[in-house]
Amino acid sequence: MAKNWWKALGVILLTYTMVAGILLDVPRLNILNETIRNLYFHVGIWFAMIITMLYSSVNSIRFLNSGNILHDIKASESARVGLFLGVIGILTGMVWANFTWGTFWTGDPQLNGAAITLAIYFAYFLLRNAIEEAEKRGRISGIYNILAFVMMIVFIGIIPRMQDSLHPGKGGNPGFGNYDLDSGMKMVFYPAVLGYIIISMWITQIRVRISKINEQLEDR
């Protein structure tokens, strides 16, 4: 049980996030009002997605270096979890956009970049499904996966900062930290990000175990 302390920590952090994120006071900012609470969920989930996709690309590199199929399994399953987080991030972002900007979708480069990122990773799984031989699948999709992570950083991290964007901290807009004087939000936001990352890694671990079992069954 001692080695599973981080799982308990993840549950505690997310439980705290859900309760504190809904019940604690938040600053009354123009337009945002109560919707600023979505910072704990929408932004936290995106941070977890980025870390999960980083873990996926690292395992693709490890597979290309070693040929160990376990690394390819970790790469694909963590990318699967990351893609799920990305979909949730898009949906929560659309709801937030509707309340603050009056529409579910705009031509905002951050939104478009997020959509392109999801399409890139959907293509990653289409590529994997098109290749039957395990080692060949791992090597080709591994190279693609590494490039996919680089493109994700470009589309959601670099391009939005170079163009006009409605998102805080992008396109010349101040970030939340620059105009939010209520430091109490940080007491929820940072634990939320850590909690999402921990739970994402836990889910990835479970999926890797399931995939290993399936691989053994297929070998029989």
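This is a predicted model: local features need pLDDT of at least 70, side-chain atom pairs count only at pLDDT 80 or more; totals for chains, interfaces and linings use all residues.

Visitor: How many helices and how many strands does the protein have?
Guide: Reading along the sequence gives the pattern α-α-α-α-α-α-α. The secondary structure therefore comes to seven helices and zero strands.

Visitor: What share of the residues in the protein is buried?
Guide: A residue counts as buried when its relative accessible area is under 20%. The protein has 220 residues, and the buried share of them is 45%.

Visitor: Among contacts between residues at least 6 apart in sequence, what share joins residues at least 24 apart?
Guide: Contact here means heavy atoms within 4.5 Å. Of the contacts in the protein between residues at least 6 apart in sequence, the share that joins residues at least 24 apart is 73%.

Visitor: Which elements give two or more residues to the largest nonpolar core?
Guide: The largest nonpolar core has 39 residues, and those with the most contacts inside it are Tyr 40, Met 49, Met 53, Tyr 121, Met 152 and Tyr 196. The elements that give this core two or more residues are helix 1, helix 2, helix 3, helix 4, helix 5 and helix 7.

Visitor: Which residues does Met 49 touch, leaving aside those up to four places away in sequence?
Guide: Met 49 is among the residues with the most contacts inside the core. With residues up to four places away in sequence left out, Met 49 touches Gly 82, Leu 85, Gly 86, Met 152 and Ile 156.

Visitor: Is helix 4 roughly parallel or antiparallel to helix 5?
Guide: These two helices pack with their axes 9 Å apart, at an angle of about 175 degrees. Angles over 145 degrees count as roughly antiparallel. Helix 4 is therefore, relative to helix 5, roughly antiparallel.

Visitor: How many residues of the contact of helix 4 with helix 5 are nonpolar, polar and charged?
Guide: On the helix 4 side, the residues that meet helix 5 include Ile 116, Ile 120 and Leu 127, while Phe 149, Met 152 and Phe 155 are among those on the helix 5 side. Sorted by kind, the residues of this contact come to two charged, five polar and 17 nonpolar.

Visitor: Which helices do the buried residues of helix 4 pack against?
Guide: Helix 4 has 21 residues and spans 30 Å from its first C-alpha to its last, close to the 30 Å expected. Its buried residues include Leu 111, Leu 118, Tyr 121 and Phe 125. The buried residues of helix 4 pack against helix 2, helix 3 and helix 5.

Visitor: Is Tyr 121 buried or exposed?
Guide: Tyr 121 lies in helix 4 and touches Met 53, Leu 83, Asn 145, Ala 148, Phe 149 and Met 152, not counting residues up to four places away in sequence. Its relative accessibility is 1%, so Tyr 121 counts as buried.

Visitor: How far apart in space are Ala 148 and Met 53, C-alpha to C-alpha?
Guide: Ala 148 has its place in helix 5, and its relative accessible area of 3% makes Ala 148 buried. Along the sequence, Ala 148 and Met 53 are 95 residues apart, and from C-alpha to C-alpha their distance in space is 9.1 Å.

Visitor: Is Ala 8 buried or partly exposed?
Guide: Ala 8 is found in helix 1. Its C-alpha atom is separated by 9.5 Å from that of Ile 198, 190 residues apart along the chain. Its relative accessibility is 42%, so Ala 8 counts as partly exposed.

Note on methods. Residues are numbered from 1 along each chain as its sequence is written. Side-chain values use heavy atoms; hydrogens and water are left out. A nonpolar core is a set of buried Ala, Val, Leu, Ile, Met, Phe, Trp, Tyr and Cys residues joined through side-chain atoms within 4.5 Å. Buried means under 20% relative accessible area, exposed over 50%, partly exposed in between (1.4 Å probe, protein chains only). Helices (H or I, at least four residues) and strands (E, at least two) are DSSP runs, numbered from the N terminus. Axes are lines fitted to C-alpha atoms, for helices over the stretch in contact, and angles run from 0 to 180 degrees between N-to-C directions. Angles under 35 degrees count as roughly parallel, over 145 as roughly antiparallel, 65 to 115 as roughly perpendicular and the rest as oblique. Ala, Val, Leu, Ile, Met, Phe, Trp, Tyr, Cys and Pro count as nonpolar, Asp, Glu, Lys and Arg as charged, and the others, Gly among them, as polar. The expected span of a helix is 1.5 Å times one less than its number of residues.
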